[in-house]
Amino acid sequence: ADMISMARPLLADPMFVRKAQAGQADRINTCIACNQACLDHVFQRKTVSCLVNPRAGHEGDLVIAPTTQRKKVAVVGAGPAGLAAATTLAERGHDVDLFDSADEIGGQFNLAKQIPGKEEFGETLRYFANRIEDTGVRLHLSSRASAEDLQGLGVDEVVLATGVTPRDPHIPGQDSPNVVSYLDVLAKGVPVGERVAIVGAGGIGFDVAEYLTVEPGESPTMNLKEWLEEWGVADPDEVRGGLGTPHPAPAARQVTLLQRKTGKLGAGLGKTTGWIHRATLQAKGVTMIPGVNYERITPEGLVISFGEKHEREHLVEADTIVLCAGQESLRELEPALVAAGIPVHVVGGASVAAELDAKRA
């Protein structure tokens, strides 16, 4: 090549070329093509930045300088917020221990990377695994740290990055065997039937819908020929403008996506990417129903109601109901730490669970 042009990848890692030249490709902070802090910001007249590199566009404000007072810090939770906090603290010269109850780093990113089109989220975890090694963070996996453990460790401060837990929608009958949570589906591989009703149409609801409409291991984004057929992208030498006829693969399941809010489903998705998710689900024949109330769950499916007073009921026939009704902050460790007199900083989903925002984390 006489020239290679990159845009977003240099926001994610301004040292991309230098690392590549030095044979350190595994140390590159890879752009995950999310658009959330770059193009979405452009169209909202905000400063361009980067989800995986928050310093992009803020280099003069967010200065990572060596500390003048070395502290012993424990970071609890190895999701995006905890990983960023632990490695940055260690980079500045602090003595850092990072704890997570899971057997791998990543938190919610381990769910996200399973969604068709989001496989690159795994690259962020590869990058942070190497950052942990390079910065000298001591990693403790399969380890649920208690306030007593941290006090015994003699920590000066704690960063609480314990993330979120699924919100309970309190639907009568939700303890039935035909009801699962998004964690059951994405983390535990619980079997799902042919007809699925998804409660909640936020980002996770859309992700689960995309996941369930594709056969396992057959993500079109990992197969160029299949992706071109799916979207109708053709060779401009053969078809005018390169615009062919889309031929999406048949949906693996019959999916109904529901939300309590009236208005368009997916309205809160990314400004430059939301249309892709909506178009994908429409191509898979996903039924989208707004403005409903969840009345009860029966062996036949999910009973919903419509109308100003929800006077009209309707049965959404489903073999499996998947609960994606939002998240709540998980910060049960905080009171015990405060009682022990240990300064606590709450970050990421543990601080604000709304929309499960990795950019903010």
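I take two strands as paired if DSSP finds at least two bridges between them. Strands here are DSSP runs of E with at least two residues, and helices are runs of H or I with at least four residues, each numbered from the N terminus.

**Entry 1. The model.** I note that this is a predicted model, in which local features need pLDDT of at least 70 and side-chain atom pairs count only at pLDDT 80 or more, while totals for chains, interfaces and linings use all residues. Residues are numbered from 1 along each chain as its sequence is written, and side-chain values use heavy atoms, with hydrogens and water left out.

**Entry 2. The antiparallel sheet.** I looked up the pair of Phe306 and found Arg312 of strand 12 standing opposite. Strand 11 (residues 301-306) and strand 12 are antiparallel and share 6 bridges. They belong to an open sheet of 3 strands in the order 10-11-12. Its edges are strand 10 (293-298) and strand 12 (312-317), each of which pairs on one side only. Direction ignored, neighbouring strands of this sheet are turned by 25° against each other on average; axes are lines fitted to C-alpha atoms, for helices over the stretch in contact, and angles run from 0 to 180 degrees between N-to-C directions.

Entry 3. I then traced an open sheet of 5 strands, with parallel pairing and the order 6-13-7-8-9. Strand 6 (179-181) and strand 9 (287-289) each have a single partner strand, so one side of each is left without a neighbour in the sheet. The twist averages 20° from one strand to the next. Strand 8 (residues 254-258) pairs with strand 9 over 3 bridges, and Leu258 has Ile289 of strand 9 as a bridge partner.

**Entry 4. Strand 4.** Is strand 4 covered on one face or on both? I found both faces covered in strand 4 (residues 157-160), with Glu157 and Val159 buried on one side and Val158 and Leu160 buried on the other. Buried means under 20% relative accessible area, exposed over 50%, and partly exposed in between (1.4 Å probe, protein chains only). Strand 4 runs parallel to strand 1 (residues 72-76), joined by 4 bridges, and Val73 has Glu157 as a bridge partner. With strand 15 (residues 344-346), strand 4 pairs in the parallel sense over 3 bridges; there Val158 stands opposite Val344.

**Entry 5. Salt bridges.** I counted 19 salt bridges, each a side-chain nitrogen of Lys or Arg within 4 Å of a carboxyl oxygen of Asp or Glu. Among them, Asp95 and Lys72 meet at 3.4 Å, N to O. Asp95 lies in strand 2 (residues 95-99) and Lys72 in strand 1, so the pair ties together parts 23 residues apart in sequence. Both residues, Asp95 and Lys72, are buried. Lys72 also forms a salt bridge with Asp97, the closest N and O atoms being 3.5 Å apart. Another salt bridge joins Lys118 and Asp207 at 2.9 Å, N to O.

**Entry 6. Cysteines.** With a disulfide taken as a pair of cysteine sulfur atoms within 2.5 Å, I counted 0 disulfides. For Cys34, the nearest cysteine sulfur is that of Cys38, 6.1 Å away. Cys50 is buried, with a relative accessible area of 13%, whereas Cys34 is partly exposed at 21%.
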